[in-house]
Amino acid sequence: MNVISNILYWISTGLLVPVIVLLIFFFIRAIILIGAFFGQYMQVKKHSASFYSRIEKLTPASVEEFNASLPEKTDSIVTAYAKKIIANRDNEPKIDLLLSEYEIEADKELSTSKVLTKMGPILGLMGTLIPMGPALVGLATGDIASMAYNMQVAFATTVVGLVVSAIGFLTQQVKERWAVKNITMLEYLADVVKQSNTRKQ
């Protein structure tokens, strides 16, 4: 039994360095995500408001006018898919496929935030529990310095894990709202385009 316990102890202790490295990696990734999210927020604030208002006023008779108002080159995924939907107005199955493709793209956009939200607490908890073993050993042997160091590592990993998770959670919530609004607007656009195609027939 002691052999098995020692094996488990050494395995868990050996995982501490990989856990800390992963936490540092995810923390850096979270900082990068904040910068990218801010840029995306400014883009949404600048372009999407007018885009949404134009789609809400869209009618089957004004599809051509709306299409002409879309920029030739754009970094906005929703605008790009709007142009694709209008370009494939005569192919309803293709329009449905494009809507599904946009949902996949939107889910990809959320992937980093989702990973950070889940991995932050997992790695933070692992980083908290793993040093507790050596800390208890230090306490039992009277090595206060070792116990203090391991407790410091445990608390630090907990804090970093929670920060990573918080950044992931907040960005995920906002991006999900954007994605839901975008897919709603694209579905409405698809319905209007189909109606305009039916009128022509």
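Predicted model: local features only at pLDDT ≥ 70, side-chain atom pairs only at ≥ 80, totals over all residues.
Trainee: How much space lies in the largest pocket?
Mentor: The largest pocket holds about 500 Å³ of space.

Trainee: And which residues are closest to its centre?
Mentor: They are Q43, D75, S76, I77 and V78, out of 24 residues that line the pocket.

Trainee: Which elements give two or more residues to that lining?
Mentor: Those elements are α2 (16–56), α4 (77–87), α5 (92–129) and α7 (144–200). The largest share comes from α2, with eight residues.

Trainee: What is the lining like by class?
Mentor: Eleven of the lining residues are nonpolar, nine are polar and four are charged.

Trainee: Changing topic, how are two packed helices described?
Mentor: One gives the angle between their axes and the distance between those axes.

Trainee: Then at what angle do α2 and α5 cross?
Mentor: Their axes cross at roughly 150° and come within 10 Å. The crossing is left-handed.

Trainee: Which residues make the contact?
Mentor: On α2 they include L16, V19, F26, R29 and Q40, and on α5 they include E109, L116, M119 and G120. By class, this contact has twelve nonpolar, six polar and two charged residues.

Trainee: Back to Q40, what does it touch?
Mentor: Leaving out residues up to four places away in sequence, Q40 touches E109, K175 and W178. Q40 itself lies in helix α2.

Trainee: How far apart are Q40 and S76 in space?
Mentor: Their C-alpha atoms are 9.3 Å apart, while the two residues are 36 residues apart in sequence. S76 is also one of the residues closest to the centre of the largest pocket.

Methods. Residues numbered from 1 in each chain as written. Heavy atoms only, no water. 1 Å grid on protein atoms, 1.4 Å probe; cavity = no way out; pocket = protein on both sides within 12 Å on 5 of 7 lines; lining within 4 Å. Points joined across faces, edges and corners; volume = space filled by probe spheres on them. Helix = DSSP H or I, 4+ residues; strand = E, 2+ residues; numbered from the N terminus. Nonpolar A, V, L, I, M, F, W, Y, C, P; charged D, E, K, R; others polar. Axes fitted to C-alpha atoms, helices over the stretch in contact; angles between N-to-C directions. Left-handed = near helix turned anticlockwise from the far one by under 90°. Contact = heavy atoms within 4.5 Å.
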